[in-house]
Every structure is written in C-alpha cells, then in structure tokens.
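Please look over the entry below. Some questions and answers follow it.

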Amino acid sequence: MDNTAFVAGVASFIGAGVYLFLGYKLARRRVSPASRLPAAQFALFWLGLAAVTSLGGALSLIATFTLPSDALVVTAVHTEILLLSAMLWGLLGYLTYLYTGRSYLLFWSSFYATFYFVLTYVITASEPNVVTVTQGTVGVQYATAFGGPLLYVLIALLIAPEFIGAILYFTLVFRARDPTVRFRVTLVSWSIILWFGIATLNPAALLGGGFVAELVSHSLGVGAAIGVLIAYYPPRWVRDRLGVTGIDPVRAASRAATPR
Amino acid sequence: MGQLILDSGARVTRANPAAEHMLGRRSGELQGLPLADLVTAESRPQVERAFAEANAPGSVAPLARVEGDVPGGAPVPIELVVGRFPERGGAGYGVILRDLQAQEALVAALTERGAQLARSNRDLQEFTYVASHDLQEPLRMVGSYTQLVGERYRGKLDPQADEFLTFAQQGAVRMQALLDDLVIYSRVDTRGRPFGPLSMNACVADALRNLRLVIEEEHGHLDVGPLPDVEGDPTQITQLFQNLVANALKFHGAEAPRIVIRGEPRGGEVLYSVGDNGIGIPPEYREKVFVIFQRLHRREDYPGTGIGLAVAKKVVERHGGTIWAADGQPTGTTFFIQLPKAHAPPWSAPGPAEAISPLHAARRRADDLIQDRMKELV
C-alpha cells in the first residue's frame with residue numbers, strides 16, 4: 001500500500017467534496033436574468049474543479065493498491081483537459097462579467113475551444129505510454145517528449161489568464177462597500193491563486209519531496225478549499241467579529257419582499 | 001405705451017408723456033431729436049432696419065427690440081414698431097414704444113426660479129441616492145447581528161423577547177426592501193439612458209419573459225396587440241410594462257388574471273393601455289397609487305412596498321408622457337400611458353444628476369453597476 005498516494009487521494013476527495021458542495025449551492029442561487037449566465041459559469045468553475053480534483057483523487061486511491069492501467073490514465077488525462085477547459089471558460093467569463101458587465105462569450109468560447117483542441121493534439125501527438133506514480137500523484141510519461149516554445153506558450157495560456165483574473169478579482173476588495181463581499185472576494189481570490197499555484201508549482205517538489213512534503217502540499221490544497229467554504233459559510237466567530245454573513249438572510253428575504 | 005410722431009427726417013415732433021417717461025426725458029425734451037439718438041449705439045442698426053421696413057411699399061415693419069438711451073441712467077429695454085404715414089410736404093412716421101423692463105424682469109425671475117427648482121430637484125435626487133446607498137451598510141449590520149442574536153438566543157429568553165426579535169428582524173427586512181426600492185426609484189433619473197427608436201412589442205415581450213414564472217403561477221392570460229413604436233429608453237420602457245403587468249397579476253380577484261395590452265397612434269403621440277380584470281382601484285385612490293410607498297392594502301393581503309407604480313410614473317414622466325388609471329372593461333383597472341412618438345424631451349439627455357459633473361456621474365454609474373454585480377454574484 002502506497003501511503004502517499006492514499007493521503008493524496010483522501011485530500012483530493014476532501015477538496016472535491018467542498019468544491020462540489022459550493023458548486024451546487026452557487027448553481028441554486030437566485031439571480032436576475034442578466035446575471036444568470038455568469039452565475040452559471042461561476043458554478044461551473046467550482047463543479048469542474050470538483051470533478052478535476054476527484055478524478056486525480058480517484059487515480060491516487062487506485063494507485064494506493066495497484067498501478068492504474070495506461071488506458072485508464074490516458075482517458076483520465078483527456079477528461080481532465082476537457083474539464084479544465086470548461087471550468088476555466090466559466091471562471092474567465094464570470095470574472096470579465098463582474099468587471100465589465102459583459103461575459104465576452106464568443107471570445108472565451110473560441111479561446112478555450114482552441115485551447116482544448118491544441119492541448120488534446122499535443123497530448124495525443126506526444127504518445128503517452130508509461131504510467132507513473134510520483135509521491136502519490138498519478139501521471140504519464142510520453143514517448144515523444146514534447147518541448148520547445150509551444151509548450152511554454154501552452155503553459156502560459158493555461159496559467160496566465162487565471163492568475164491575472166484572480167488578482168483582478170482580488171482588487172475588487174478595494175471597491176466593494178459591503179463587508180461580506182470584501183470578505184468573500186479576499187478568501188475566494190486567494191484560494192483560486194493557491195489552487196493554481198499548487199497545481200502548477202508543485203510545492204511538494206519545492207519542499208524536497210517525501211511524505212511530509214506531500215502532506216504539506218495536500219494540506220495547502222485542502223486549505224484552499226476550506227478557505228472558499230469559510231468565504232460562503234463563515235463560522236460564528238468570524239460573523240461576530242467582522243459582521244459578515246453567509247447566505248445573507250436579510251438580503252434574500254428583502255429580495256423576496258420587493259414587488260415584482 | 002409710448003407714442004412718438006416723427007417728421008420725414010425721423011425727428012420727434014410730438015411725444016406723449018409715457019414715451020418721455022420711458023426715455024427719461026422731461027416734457028418737451030424729445031422735441032426735434034432724431035429717433036436714432038434716443039437709443040444706444042448698439043440698437044441703431046435695428047432702428048435703421050425698422051425704418052427701411054416701414055419705407056418699403058406695402059410692408060409692415062416688424063417689432064424691434066432696442067435699448068433706449070436714458071440720460072444718466074441704465075439703458076432701458078424697449079420694443080418698438082415704426083409706421084409710415086403721409087404728411088404735408090413729405091412722409092411722417094408714427095412710433096409705438098413698449099417698456100420691456102417689467103417683462104424682462106419677470107422672465108429673469110422665472111428663469112432664476114426654474115434654475116432654483118432644477119437645483120433643488122437635483123439636490124433631492126442626490127440626497128435620495130446617497131441616503132439610500134449609505135443607509136444600506138449599517139442596515140445590513142443591524143440585520144445580520146439581529147439574525148445572530150436570534151440564532152443564538154431564540155428560546156433562551158422569555159417568549160416576549162423572541163417576539164421582539166422577530167419584529168426587529170422583520171423591520172430590518174422591510175427597511176432593506178424600502179431602501180432597495182428607493183435606489184430603483186432614484187435610478188430612473190440618474191441611470192436613464194439617452195432615447196432612441198425602440199420596438200414596443202420587443203420591450204413588452206422582454207417584460208413578459210421576465211415575468212414568465214409569475215404568469216405561469218397565476219395562470220395569467222395575456223393578450224398583446226400590435227403596438228406602435230416610440231422613441232425612448234428600452235430598459236425603462238420594459239420596466240414600465242413589467243411593473244404594470246406584475247401589478248395586474250398580483251391584484252387579481254377570484255378569476256385568473258386576464259391582461260390586455262393595446263396601443264394606438266394619436267397624432268404625434270401614442271396611447272397605450274394595460275387593462276386587467278383584477279380587484280380595481282376606487283376612483284379616490286387613482287392618484288395616490290402613483291405616490292412612492294403608498295399602498296391601498298395590508299401587507300398581509302398583498303405583499304410589496306408600493307414602488308411599482310411610482311417607478312412607472314417616473315419612467316413615463318421622464319419620457320415626456322402621462323399615465324393614469326381608469327375603470328377596467330368590464331371590471332378591474334386599465335392603465336393608460338400616453339407617450340410622444342418621437343421627440344427629445346427635456347430629460348432625455350443626461351439626467352439632472354449627471355448635470356453636476358458628467359465624469360463624476362459616469363464614474364458613479366460604473367461603480368454602482370459593479371457594486372450591483374458583486375452583491376449578486378460574489
């Protein structure tokens with residue numbers, strides 16, 4: 001039994017559970033007709049994140065006991081690319097709407113459709129052939145190692161919009177008048193930054209590898225998820241201290257009482 | 001009314017006391033003076049033009065506004081008309097003068113009063129807007145802490161305390177609803193967009209789409225005729241019809257609501273009507289229903305704050321139109337809306353709030369929009 005893979009799997013499932021819960025709650029939020037699309041895009045981001053995280057977690061749990069088959073891992077990689085493209089499409093559409101009042105649907109749809117097809121082509125052309133389990137995380141090795149400028153462009157396209165978007169999202173803190181909005185924006189933006197940071201920088205490797213490093217890395221991932229959970233469901237002492245609310249009953253009730 | 005008789009050389013031969021008084025001369029002082037010397041240098045071209053017109057065969061000289069040159073005093077605004085008549089040994093002229101001082105003072109006073117009213121209106125809008133915005137945050141604090149107290153201490157205090165808490169929470173909810181509505185009301189002017197051609201049928205279709213769920217819940221039947229188009233702000237016109245239809249859906253009687261929307265051109269205007277088979281409005285309340293936060297029924301019977309028709313009226317007025325309520329056919333109420341087909345009403349361009357500073361207003365509008373989006377989506 002591979003303990004590291006087990007920890008990675010469990011941590012992923014904890015995070016995925018939180019993201020799934022939030023995605024579900026956000027998808028059920030009642031919003032005005034104009035905001036339906038961005039609200040659905042934001043919910044899609046969290047649901048997509050839940051799916052990507054649980055997919056990685058499932059592979060890690062399988063790897064706890066046995067090496068997953070090549071076909072399974074390659075299928076998972078392709079599914080992850082699809083999920084990633086969909087969730088990033090949702091996040092960027094949501095963020096641009098929040099800032100500009102427009103979702104730029106055509107632009108982001110074209111961007112992430114292209115991104116998906118290019119990445120799928122690159123993965124397929126690189127011929128994934130050997131499944132690896134590194135510190136509990138399941139991956140693949142490629143027969144034709146892909147590199148060069150295109151790889152850097154793809155990585156930049158993967159990371160840059162989200163980082164820039166999350167930082168722009170954080171700057172809303174300085175504009176928001178409502179303490180609850182400020183509180184949520186702070187936690188959610190830093191959680192997104194943390195999630196992408198973990199996904200791209202591999203902190204376990206930076207910490208020198210090993211079980212403890214993996215544990216720290218996965219704890220950061222779970223921390224990001226808990227941060228988002230606190231943003232929407234703040235504990236009582238946070239509510240007392242900062243005067244913030246969870247699902248704001250005053251606002252919700254007043255909306256219901258407002259004449260149509 | 002001053003009167004002067006001039007000889008063929010346009011010199012005064014006779015003047016009545018009113019003319020002498022108007023021009024600041026004593027009795028007989030005007031005698032022999034050319035008319036051109038009785039006005040300021042700037043007014044002489046107008047006087048020459050008046051004589052030229054009077055001398056043209058068959059023409060009537062139009063009224064001219066000149067400034068009388070009063071010795072030792074300020075120029076006096078005067079309206080004059082010159083008429084030519086035959087005289088022994090040549091032609092003579094008759095001139096009628098009218099003192100414009102009182103009229104111009106009245107116009108100036110009215111202009112100043114208008115400006116004061118505009119300023120007052122603008123200040124009131126500013127106040128409404130700022131008050132409703134600035135009250136939101138403390139109220140939210142009151143609401144959320146009352147909720148916390150309720151969560152923590154409900155059932156632990158005596159029953160009366162629980163009841164007081166419920167009242168406090170309900171009060172906060174109502175206050176929030178009223179403030180939200182006040183913001184909506186103030187935005188009719190501050191958020192209004194310039195007018196353009198719009199499709200009235202498309203606006204009504206949008207309004208009905210927004211109300212789709214309520215229409216289904218209430219089993220409402222809508223009958224929308226072809227509607228003539230006007231110029232206006234499509235968002236606000238949609239809001240107008242949405243409020244009227246929502247009202248008709250809400251205040252229905254035992255039968256399912258039946259709503260008829262019609263429109264017909266009437267000269268330069270279009271008359272629209274939204275009729276229903278609801279509970280109706282007694283004649284004595286037909287003005288009152290358009291006043292903000294005025295309600296004819298208990299909240300328990302019909303929920304709401306009483307903003308819908310006030311907003312509808314404000315939208316119609318911004319479009320230079322009128323709205324009124326009348327008996328329905330055969331029951332219920334019919335709201336009539338008369339809108340100009342196409343013109344630039346006084347408030348169509350930037351609203352009074354924007355008049356303070358377009359940059360400030362644009363920034364505030366952008367900030368409001370982002371605050372709204374954050375409240376809803378974050």
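This is a predicted model: local features need pLDDT of at least 70, side-chain atom pairs count only at pLDDT 80 or more; totals for chains, interfaces and linings use all residues.

Q: Which pattern does chain A follow along the sequence?
A: Chain A has 10 helices and 2 strands. Read along the sequence, these elements of chain A give α-α-α-α-β-β-α-α-α-α-α-α.

Q: Among contacts in chain A between residues at least 6 apart in sequence, what percentage join residues at least 24 apart?
A: Two residues are in contact if their C-beta atoms lie within 7 Å. Among such contacts in chain A between residues at least 6 apart in sequence, the part joining residues at least 24 apart is 71%.

Q: Are α4(B) and α8(B) roughly parallel or roughly antiparallel to each other?
A: In chain B, the axes of helix α4 (residues 159–190) and helix α8 (residues 308–318) come within 10 Å and cross at roughly 5 degrees. Angles under 35 degrees count as roughly parallel. Therefore α4(B) and α8(B) are, relative to each other, roughly parallel.

Q: How many charged residues are in the contact of α4(B) with α8(B)?
A: On the α4(B) side are B:Ile184, B:Tyr185, B:Val188 and B:Asp189, which meet residues of α8(B) including B:Lys314 and B:Arg318. The contact of α4(B) with α8(B) has 6 nonpolar residues, no polar ones, and, as charged residues, 3.

Q: How many residues of the side of chain B that touches chain A are nonpolar?
A: The contact takes 30 residues from chain A and 33 from chain B. On the side of chain B that touches chain A, α3 (101–153), α4 and α10 (358–377) each supply at least two residues. That side of chain B has 9 polar and 8 charged residues, and its nonpolar residues number 16.

Note on methods. Residues are numbered from 1 along each chain as its sequence is written. Chains are lettered from A and ligands numbered from 1 in the order in which they are written. Axes are lines fitted to C-alpha atoms, for helices over the stretch in contact, and angles run from 0 to 180 degrees between N-to-C directions. Helices (H or I, at least four residues) and strands (E, at least two) are DSSP runs, numbered from the N terminus. Angles under 35 degrees count as roughly parallel, over 145 as roughly antiparallel, 65 to 115 as roughly perpendicular and the rest as oblique. Ala, Val, Leu, Ile, Met, Phe, Trp, Tyr, Cys and Pro count as nonpolar, Asp, Glu, Lys and Arg as charged, and the others, Gly among them, as polar.
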